[in-house]
Amino acid sequence: GPASTYWRKRVAIQNRDNPDRDRCGLHWVCVALPFKGEHVAKVTSIVEEISLRQKLEPMCMFFNMSQWYMKSFIVIMFDRDAPEEEERARLCHDEILARLTEAGYPPVRLGIQSMHLGAPSEQTYVDLLRDLKRTIDPADIMAPGRYDFRERWGDPSCHEEEGSTIRDL
């Protein structure tokens, strides 16, 4: 249930059933790692170092997916009423995601707030996604900004082709 999202609230709340109403916040990071203890220790160490610096206490969970790999789901709760805590939680999230990716633990899923942080390394893939999106969803209705890495699309306004200008919809 939503009760864990109340972890950082500093006031007693009777009915912990509406985190949005009660101004609870939550960011999460989900990465893949090999199913070996040394990787669990490394991920935990990175999360701990960053979160202690930001004065937060994320929950770090590990789920066995097969005999070869695991997922780590890191949840960063914050109190939207506490001064500067939301900003610290965002910084904590962004740094954890970046550091884990750099350490070889790529994101499995991205939250809405982190779509721009998990772009693939191959520009060819980004270009393919851009072209597919423009072809099948020119009005940008289906899941706008989700997993399309549009910050790496380049100039979206026009392309030159055989002497004529083609405007994107």
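Trp68 sits in the loop that joins β2, residues 59-64, to β3, residues 69-79. Please keep in mind that we are looking at a predicted model. Is Trp68 buried or exposed? Its relative accessibility is 63%, and because exposed means over 50%, Trp68 counts as exposed.

Trp68 also belongs to a surface feature. Together with Phe63, Met65 and Tyr69, Trp68 makes a nonpolar surface patch of about 450 Å².

I turn now to the backbone. Which residues other than glycine have a positive phi? Two examples deserve mention. Glu84 has a phi near 65° and is not a glycine. Glu84 is placed in the loop between β3 and α2, the latter covering residues 85-102. With a relative accessible area of 64%, Glu84 is exposed.

The other example is Ala143, where phi is near 45°, again a positive value in a residue other than glycine. Ala143 lies in the loop that runs between α3, residues 123-136, and β5, residues 158-161. Ala143 has a relative accessibility of 46%, so this residue counts as partly exposed; the class lies between the limits of 20% and 50%.

Finally, the cysteines. How many disulfides does the structure hold? The number is 0. As a reminder, a disulfide is a covalent bond that links the sulfur atoms of two cysteines. Cys24 has a relative accessible area of 8% and is therefore buried. Cys30, at 7% relative accessibility, likewise counts as buried, since the cut-off for that class is under 20%.

Key
Residues are numbered from 1 along each chain as its sequence is written. This is a predicted model: local features need pLDDT of at least 70, side-chain atom pairs count only at pLDDT 80 or more; totals for chains, interfaces and linings use all residues. Side-chain values use heavy atoms; hydrogens and water are left out. Patches are made of residues with over 30% relative accessible area and no salt bridge: like charges are joined within 9 Å, nonpolar side chains (Val, Leu, Ile, Met, Phe, Trp, Tyr) within 5 Å. Accessible areas come from the Shrake-Rupley method with a 1.4 Å probe; for residues, only the protein chains shown count as cover. A salt bridge is a side-chain nitrogen of Lys or Arg within 4 Å of a carboxyl oxygen of Asp or Glu. Helices (H or I, at least four residues) and strands (E, at least two) are DSSP runs, numbered from the N terminus. Buried means under 20% relative accessible area, exposed over 50%, partly exposed in between (1.4 Å probe, protein chains only). A disulfide is a pair of cysteine sulfur atoms within 2.5 Å.
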